[in-house]
Amino acid sequence: MDEKRFVVALFGFLVAVVVGFLAFRFIAAFTVSVFLYYSTRRYYGSLRRLKLPARIRAVVVMSSLALPLLLIVSYATVLLIVQARQFVTEYALIDVAATHVSWLDGAESVPDFTVEGLYTAYQSGQFSPFVTFLSENAIVLTSVVSSFVLNLFVTTIVTYYLLLDGRRIREWLLRFDDDAIIREYLEAVDAELEAVLFGNLLNVVAISLIAIAAFSGYNAVAPTAVEVPYPALAGALTGIASLIPVVGMKIVYLPLTGIAALPVLLDGESALLVYVLGFLLVAVVVVDTIPDLVLRPLLSGEDTHVGLLMLAYTLGPVVLGFYGLFFAPILLVVGLTFANTALPRLLGADEPDTLASNQMRLDDFR
């Protein structure tokens with residue numbers, strides 16, 4: 001019997017090693033999936049009121065995230081390309097760049113972004129330098145694109161099935177209960193992860209709405225020469241940028257300030273800079289500071305310290321790279337919840353049983 005147990009344990013250990021290796025290989029995708037799962041689980045549960053099947057609810061939730069983000073990115077990309085083409089054409093930057101970048105040699109101008117314009121440019125050989133550059137770097141570009149697509153696919157599949165089977169995974173973990181310690185800890189960490197990460201989603205939405213209202217309000221009172229371009233798009237991007245630690249929304253509203261001020265400086269109308277400074281003040285106070293002081297504490301979970309959470313968002317990407325932005329807050333919640341629930345019980349301290357309250361809070365959203 002002992003030999004059989006040893007063989008089974010060895011087999012289980014080998015399987016765990018292989019699964020762990022694969023999980024580490026796709027750690028970024030799995031981390032983003034867990035982040036998205038807890039961010040959207042309440043929304044997924046609320047759709048139950050519409051009597052929709054679980055699979056339809058999961059598709060609706062993921063579409064609600066993917067479609068707006070895809071539209072925003074696509075719209076921003078098109079605007080960036082159009083504005084860049086106008087800038088390059090106006091200042092003849094192609095001629096200047098061709099003298100320093102070898103693969104631009106032979107490119108005379110930027111073609112019109114129409115079917116006819118692109119076809120004409122192709123016939124005239126204007127795309128030859130770009131084709132040459134792409135062919136020379138095909139391996140690197142293919143690797144980057146394929147890696148991104150693969151991770152996006154894994155993230156989509158894992159998030160979808162976490163929404164469908166999250167309850168089953170939770171019930172399976174609770175089978176290993178030991179004197180209610182494991183159960184109490186898992187219930188507490190599950191509830192706190194949902195509170196923290198769903199709060200982040202609400203924070204993005206709230207800041208987006210505040211930024212859109214602030215930028216649109218500024219454009220309503222400012223002269224045309226110093227208006228902020230595309231306030232709705234800029235506001236939505238500001239909300240998304242709020243997830244980035246330290247710099248956050250500044251990567252959106254500071255360039256907007258420069259864009260609004262540049263035409264005034266070139267035309268010598270320095271008196272209008274007062275409006276630009278007013279916009280910067282509104283962005284710093286109304287969009288950046290007040291939501292950070294008011295909304296973030298309210299939407300940062302029930303037990304997780306706001307300061308520690310901000311440190312996690314700041315240090316996570318520095319230590320772990322991109323996925324650290326999502327992994328660090330999850331790890332923080334898991335660690336703090338263990339210290340608050342399981343550790344006192346393991347050390348013999350009597351703590352109030354929070355299992356019932358956590359269970360009630362979870363069932364309300366399922």
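Predicted model: local features only at pLDDT ≥ 70, side-chain atom pairs only at ≥ 80, totals over all residues.
**Colour by confidence.** Now select residues 96-100, where pLDDT stays under 50. The model gives this stretch 3 contacts beyond four places in sequence. Then jump to residues 352-362, another run with pLDDT below 50. Here you'll find 19 contacts beyond near neighbours in sequence.

**Zoom in on Ser-33.** Select residues 27-46 to bring up helix α2, then pick out Ser-33 inside that helix. Is Ser-33 buried or exposed? Its relative accessibility is 0%, so Ser-33 counts as buried; the cut-off for that label is under 20%. To see what surrounds Ser-33, show Val-154, Thr-155, Val-158, Thr-159 and Leu-162, its contacts once neighbours within four places in sequence are set aside.

**Move on to α12 and α13.** Select residues 306-320 for helix α12 and residues 324-346 for helix α13. Their axes come within 7 Å and cross at roughly 130°. That angle makes α12 oblique to α13, and the crossing is right-handed.

Which residues meet where α12 and α13 touch? On the α12 side, show Leu-308, Leu-309, Ala-312, Tyr-313, Gly-316, Pro-317 and Leu-320.

Notes:
Residues numbered from 1 in each chain as written. Heavy atoms only, no water. pLDDT = per-residue confidence, 0-100. Contact = heavy atoms within 4.5 Å. Helix = DSSP H or I, 4+ residues; strand = E, 2+ residues; numbered from the N terminus. Buried < 20%, exposed > 50% of the residue type's maximum accessible area, 1.4 Å probe, protein only. Axes fitted to C-alpha atoms, helices over the stretch in contact; angles between N-to-C directions. Parallel < 35°, antiparallel > 145°, perpendicular 65-115°, else oblique. Left-handed = near helix turned anticlockwise from the far one by under 90°.
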